[in-house]
Amino acid sequence: MPLGWYDLKVAAARPRAGDEAVKRKTLNAAFDVFVRIPLVAKALARTPCYNARMISVEEALERILARVGTLGEEQVPLTRALGRVLAHAVSSTLDLARLEIAGRIAAGHVADKPLTAGQAFRIFTGGPLPDGADSVIPQEEVTTEGTTLLVARPVKAGEFVRPRGEDMRAGESVLERGRLIGPAELGLLAALGHAQVRVVRKPRVGILSTGDEIVDLGGLLGPGQIPNSNTYSLTGQVIEAGGEPVPLGVAPDRLEEIEARFRWGLGCDLLISSAGVSVGEHDFVKAALEKLGAEQHLWLVNMRPGKPIAFATIPSTGKGALPVFALPGNPVSAMVTFELFVRPALRRLGGHARLQRPVVQARALAAIPNPGRRRGFLRVALTADESGGYGARLTGDQSSGILRSMVAADGLAVIPGDSTIAAGEMVPVILLREVR
Ligand code: AMP
Ligand code: MG
């Protein structure tokens, strides 16, 4: 065990044989180490000034979402739209593809016949509308092929309406903005004639791992080195949340290198780093962000695992400020803080109507203790019974370095600090995936 401050104090006061004064000093020092200092430390930890720096999960999320907006849109072919988010409400008004040009009406002349379905008249300014006409469309917006009129853009109700189908009234909104496009939505969009769909742009997310000890895939592990797993679990989480991961590699614990990697990512819509965010001598992530002009909005959050998590924004010209999350390094802490904070922000960027994971009530199959003072987000495996109810059980050791307990987890049980959910009691669980 390395010498800490307390050990040094005792070592300095070690007695020479027969020296009474030194003996007394040693006793005093021992009293300090084993009684006084722990008591003072405990009292300090409970004082409001220490706790004031630690904010609640809710407050943290509020500060984050207040600074994240939804991205712009892009057009994609219908066949590429699965899993994307609609950027606009879609109404049942149809695109009018082809109309027969059945006549012309000049100013001062009246049509010699009524307009019937599927027909159009060319009409000049000042000409009276013929019977049967719904509306007028400017000629700049259409093209002709011989006697056929082609209308390429979607036509709005009241402008050039042609309702079809009994289950939808023309102009009625059938798909709302922010809707996730699934197979049924694809079918409906096709039925309404949309070969192209306008969807919210996918957020590009830079992912940076930091740490002198971290070796990426393909490298040989030396003594004291650790394989990079965070980049890959975070990559998976980004894709699952609808983002596009942009790898920024592994930076050693050096201010300039971390800053340089962040610079690579300035074109992204959001940045994530892992590790190096505590108050250790080798923790440079916050300093690197400061050098990039970032404004920090939170640091300590009242949760376990994953207390130190920084959220900052880097001001940029042309678009909104770039949100940056500096997550803790422990593999489980990184994943859990992603779930609670990065995912909702990413979903907001991506235009999703629903930002949060669903929460279910589950019955504890065995006691679930949360001994620490911080609110626990503990890994649980869920079972579903025939009546649709859930049972929850801890996945094992809750240490924040144990990825296997995350692999086994279907959800995170939310438990207040210093409390235990007894077997048989109900507990809220954030669902991370479908229960298999
Ligand atoms: P830190 O937040 O820098 O104190 O790191 C906390 C712990 O997480 C240390 O044991 C690191 O070795 C570990 N760690 C940091 N980055 C990674 C990573 N990319 N993959 C796996 N473990 C990591
Ligand atoms: Mg470190």
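I began with the second largest cavity, lined by Lys286, Leu289, Glu290, Ala294, Glu295, Gln296 and Ala312. For a cavity I took points on a 1 Å grid over the protein atoms alone where a 1.4 Å probe fits but cannot get out, with lining residues having an atom within 4 Å of a point. This is a predicted model, where local features need pLDDT of at least 70 and side-chain atom pairs count only at pLDDT 80 or more, while totals for linings use all residues. Residues are numbered from 1 along each chain as its sequence is written, and side-chain values use heavy atoms, with hydrogens and water left out.

I noted a volume of about 50 Å³ for this second cavity, a volume being the space filled by probe spheres set on the points. Helix α8 (285-291) and strand β15 (295-301) each supply at least two residues of its lining, and α8 gives the largest share, 3 residues. Helices (H or I, at least four residues) and strands (E, at least two) are DSSP runs.

Next I looked up the largest cavity, about 70 Å³ in volume. Its lining includes Gly83, Arg84, Lys202 and His352.

Then I turned to the largest nonpolar core, which has 42 residues. Such a core joins buried Ala, Val, Leu, Ile, Met, Phe, Trp, Tyr and Cys residues through side-chain atoms within 4.5 Å, buried being under 20% relative accessible area with a 1.4 Å probe, protein chains only. Helix α9 (residues 331-349) gives the most to this core, with 10 residues. Apart from it I found another core of 23 residues, among them Met54 and Trp299.

How values were computed:
Chains are lettered from A and ligands numbered from 1 in the order in which they are written. On a 1 Å grid over the protein atoms alone, a cavity is a set of points where a 1.4 Å probe fits but cannot get out, and a pocket is an open set with protein on both sides within 12 Å along at least five of seven lines; lining residues have an atom within 4 Å of a point. Buried means under 20% relative accessible area, exposed over 50%, partly exposed in between (1.4 Å probe, protein chains only).
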